[in-house]
Amino acid sequence: MKIFIGKDISCALNYQHDFIVEYLAERLEIIQNVHEADIIVFPSSCSATEDVILNTINYIDKVLSEKKEGCKTFLTGCLTRRFKENVFLSKVEEWLKRKIDYIIPLNDPIKLLQCVSDQFTDLTPGEFGYAKPYYDTDEIRLYIGNGCLNKCAFCKLTYQNFPLTSVDMEEIKSVIDYANSLNVRKIYLLATNLSQYGLDLYKTPMLPYLVEYIEGKENIESLGLVGFSYKDAINYGFASALANASKLNYISGSLETGSPRLLEIIGNYFTKEQFINFIIAISNKYQKFLDVNIISGLPTETIDDIKETLEVLRIIMPYSVEICEYVNSSFLPLNN
């Protein structure tokens, strides 16, 4: 059985692509020529904007135009989400149903693997469809939650049917224990909103508990947080727990803007002073490398707003800054 794997079309929060590719490459024959493939797998897809969706569909269509007769096709990723009613997205869904044989829901990669071949019957799905992660390096990326309870303006999750869903704590701890037993040096925890992890299952945010749990593992040397919400971390009082975590040295999250006016429009509900004080508090004892996301070109943004953002960045001195251009999407209602 020959497998062609589509390119990675996903963001930093996607864990599925690497997971699926690793297992396919380990047990089946991976080829580069589409026309020779018995199976074509698209392990990831993106639904951030209409332009991204159209680019994804164009790529899929190009690959499918070269497939041989009888070749089976599989797709997973963000294009499999259920969106709120929209004409454009309805057409996308209809197109995918015509073109793809098996559309596997987001966060169920083991189901995809088991549909591809009975060689994967030994894999046992967890809450998010993963078994023990593969360990071919000294670090792992552990996805522990989907969705978000916030209703921030301009965020696509607000307009998708994408509820908060957390992985069971005991499952996460078992993976951490296993990683520690294999001398894995670094763990990244990832989620759509990492700061809200556990609210749906335990009625309280559990990220500080996980940080403390990893702190106690002798072989794990460092921890990174990806998908961190400063808004929720500030409101839930995470500062002390993160400040005392000696292994926590990397945090990736969105500031979006340093302008008080735009922060209020977005609905982040924290002031720039609260943000600055939070960063100072968590970095005072142990250094934290901050990867901060900024949105450029927000509706009504002025030069003064940009200056406010630059002033915040000057004070906190992040390790890196990712500048994302605001895109006005017809299925993301403008809320200002």
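Tutor: Let us start with contact, which means heavy atoms within 4.5 Å. In the protein, 80% of the contacts with a separation of 6 or more are accounted for by residues 24 or more positions apart. This is a predicted model, in which local features need pLDDT of at least 70, side-chain atom pairs count only at pLDDT 80 or more, and totals for chains, interfaces and linings use all residues. Residues are numbered from 1 along each chain as its sequence is written, and side-chain values use heavy atoms, with hydrogens and water left out.

Student: How many helices and strands does the secondary structure come to?

Tutor: There are 12 helices and 12 strands. They are DSSP runs numbered from the N terminus, helices being H or I with at least four residues and strands E with at least two.

Student: What percentage of the residues count as buried?

Tutor: Of the 336 residues, 54% count as buried. Buried means under 20% relative accessible area, exposed over 50%, and partly exposed in between, with a 1.4 Å probe and protein chains only. The accessible surface of the protein is about 15800 Å², and 49% of that belongs to carbon and sulfur atoms. Such areas come from the Shrake-Rupley method with a 1.4 Å probe, and for residues only the protein chains shown count as cover.

Student: On to helix packing. At what angle do H1 and H4 pack?

Tutor: Helix H1 (residues 16–27) packs with helix H4 (residues 109–116) at about 30°, and their axes are 10 Å apart. That makes H1 roughly parallel to H4. Axes are lines fitted to C-alpha atoms, for helices over the stretch in contact, and angles run from 0 to 180 degrees between N-to-C directions. Angles under 35 degrees count as roughly parallel, over 145 as roughly antiparallel, 65 to 115 as roughly perpendicular and the rest as oblique.

Student: Which residues make the contact?

Tutor: H1 contributes Gln16, Phe19, Ile20, Tyr23 and Leu24, and H4 contributes Pro109, Ile110, Leu112, Leu113 and Val116. By class, these are 9 nonpolar, 1 polar and no charged residues. Ala, Val, Leu, Ile, Met, Phe, Trp, Tyr, Cys and Pro count as nonpolar, Asp, Glu, Lys and Arg as charged, and the others, Gly among them, as polar.

Student: What about H11 and H12?

Tutor: Helix H11 (residues 272–283) and helix H12 (residues 303–316) pack at about 15°, with axes 10 Å apart, and are therefore roughly parallel to each other. Their contact involves Lys272, Phe275, Ile276 and Ile279 of H11 together with Glu308, Val312, Ile315 and Ile316 of H12. It has 6 nonpolar, no polar and 2 charged residues.

Student: Which residues have a positive phi despite being other than glycine?

Tutor: Among them are Glu256, with phi near 75°, and Met317, with phi near 50°. Most residues other than glycine have a negative phi. Glu256 is in strand S10 (residues 248–256) and is buried at 18% relative accessibility. Met317 lies in the loop between H12 and strand S12 (320–325) and is exposed at 63%.
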